[in-house]
Amino acid sequence: MFKKNILCIGAGYVGGPTMAVIAHHCPDYRVVVVDINHDRIQQWNSGNLPIYEPGLSEIVAEALGKNLFFSTDVDGHIDQADIIFVSVNTPTKTFGLGAGKAADLQYWEQTARQILKASSTGKIVVEKSTLPVKTAAAIGRILDSNDKGIHFEVVSNPEFLAEGSAIHDLEHPDRVLIGARPTESGQAAMLQVVDIYRHWIPEERIITSNVWSSELSKLVANAFLAQRVSSINTISALCEKTNADIEEVAKAVGMDSRIGPKFLKAGVGFGGSCFKKDILNLTYIAENYGLFEVARYWEQVVEINSYQQRRFVNLIITNMFNTIVGKRIAIFGFSFKADTGDVRESPAINVCQALLDEKAVLAIHDPKALEGAAQELGDYAGQFSLETDPYEAASGAHAVVIATDWNEFSTLDYKRIYDSMEKPAFIFDGRNLLDHQKLYEIGFSVHRIGRPSLSRI
Ligand code: UDX
Ligand code: UDX
């Protein structure tokens, strides 16, 4: 007999790992994850998980069938639940009012209505997906517009996990944030959510706030992280014009304890499902309140990210004698960062599309993201190949482009790669990942971000 029933709607990158960790630490709770996507649920149940995340398959295997269950029966599980986490996707709107900026809340609203319809008792509904500020109020209104005489309490509990380190982040979060209404029932609901996390997280790391602060904090945390990446990337452009080295600058700046060393790695730009979406959301909210200067400020973070990707493409084309028509180029890495198969908003997409538009022939290698690459580049079928072996990808290529910071790229045999390539052989390291001096000594012309080129031409 379980003490409480937890339901999570949305078995994606957020819902799946979060619920697996909750189930792992809360054997007294029954955790069910539901999703409308049958294939996804089947994969969660099969042991061949739909997402790659280090450490995830082990904890899923341990809890699956004991207190962790995956199902497509959304309605059937709603009424059994005491607490319902909602982590359905909230993509940027592509149509109508706020297109290109505002969050598309249709799945959230549908889910809220579904919860309402299937419930015979009141429940705590937890916002896990990132949502615009004040969504909880809107969702609360929908949920409370019932004639069943039941009350729903909407609590905000934003997710701060980063892909690739999701399990570590869930096990050892810097903080868990729970936002609730200041009413008696709001505070009681908040305590129930706090109780879940108390199973493994020290009290001082569980912080509470009002709902709006919680919703806004998530957007702001991501905006600040993305802003650091764009800031360092602007300085990388300046470094390339001077004799400064971005790695040295980032180190010197990051050692100031007020600034700190994290998120100062210059590269081909940030990707992922959250940064751009959340900043656009923030700017949309600011504009809605007439705060145009605030909106323009944050918009620049996204603009600089595109600029950095364009700069990287230009670096490749100009150094390859201004033409890449028909040239084979090996792309190492397609996911938006290392240790994930996720390609959403990956800088590799824009870089590859630009190279394909210039009529290059791409051989793409990624340890986990080849399926995503095939989907993203579908329009260019016939102009690229997917390679499971990096040496195959590089064989006969004029250049190797590092687009993702997979650690294993730094341990490859670059002498072997060099020998198999067309000459002159180029490496464009969009993540400043490799040992450039060594590559130069092998014979490569090495071009990188924010550092002088090691060119043989
Ligand atoms: C991401 C972000 O990380 C999160 O912050 C954002 O707010 C939503 O998008 P993620 O878990 O990565 O969350 O999204 P995704 O992997 O797309 O998972 C969402 C899941 O919800 C999908 O499996 C989808 O099938 C499911 N879903 C969607 C439902 O079950 N019902 C719906 O009505 C809509
Ligand atoms: C982010 C937030 O970190 C997380 O808290 C939130 O819940 C979801 O959004 P995620 O997108 O998974 O997580 O990855 P993150 O590690 O933040 O990296 C985002 C992008 O920035 C990646 O493309 C990464 O390569 C890039 N990045 C990060 C840099 O280019 N330089 C850096 O120094 C750090």
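Me: Which residues in helix α2 (residues 38-46) are buried?

Reply: In this predicted model, the buried residues of helix α2 include Arg40, Ile41 and Trp44. A residue is called buried if 20 or more other C-beta atoms lie within 10 Å of its own. What covers the buried residues of α2 includes α1 (15-25) and β3 (68-71).

Me: How do you know on which side of α2 they lie?

Reply: Arg40, Ile41 and Trp44 cover an arc of only 95° around the axis, which puts them on the same side of α2. An α-helix has 3.6 residues a turn, so residues three or four places apart point the same way. The exposed residues His38, Asp39 and Ser46 are carried by the face of α2 turned away from its buried side, and just after the helix Gly47 takes a positive phi of about 90°.

Me: What makes Lys359 buried or exposed?

Reply: For Lys359 the count is 12 other C-beta atoms within 10 Å, and since a residue with 12 or fewer is called exposed, Lys359 is exposed. Lys359 sits in the loop between α13 and β10 (361-365), and although it is not a glycine, it has a positive phi of about 70°.

Me: What makes the peptide bond from Lys423 to Pro424 cis or trans?

Reply: Omega for that bond is near -5°, and the bond is cis. Pro424 is found in the loop between α16 (414-420) and β13 (426-429).

Me: How do you know how compact the chain is?

Reply: The chain, with 17 helices and 14 strands, has a radius of gyration of 24 Å, close to the 23 Å that the globule rule gives for 457 residues, so it is as compact as a globular protein of that length. Along its principal axes the C-alpha trace spans about 75 × 50 × 45 Å, and buried residues make up 48% of the 457 residues.

Me: Into which domains is the chain divided, and what makes up the contact?

Reply: The division is into domain 1 (4-209) and domain 2 (211-457), whose C-alpha centres lie 32 Å apart. Two residues are in contact if their C-beta atoms lie within 7 Å, and the contact takes 29 residues from domain 1 and 26 residues from domain 2. On the side of domain 1 that touches domain 2, the largest share, three residues, comes from β7, and the residues of that side divide into 16 nonpolar, eight polar and five charged.

Me: Which residues come nearest to ligand 2, and from which domains is its shell drawn?

Reply: Of the 19 residues around ligand 2, Ala162, Lys265, Phe270, Gly272 and Cys274 come nearest. The shell draws at least three residues from each of domain 1 (4-209) and domain 2 (211-457), while by class it has eleven nonpolar, four polar and four charged residues.

How values were computed. Residues numbered from 1 in each chain as written. Chains lettered and ligands numbered in written order. Predicted model: local features only at pLDDT ≥ 70, side-chain atom pairs only at ≥ 80, totals over all residues. Near = placed C-beta within 6 Å. Nonpolar A, V, L, I, M, F, W, Y, C, P; charged D, E, K, R; others polar. Domains from an automatic or database assignment. Helix = DSSP H or I, 4+ residues; strand = E, 2+ residues; numbered from the N terminus. Rg over C-alpha atoms; globule rule 2.2 N^0.38 Å. Arc of directions from axis to C-beta.
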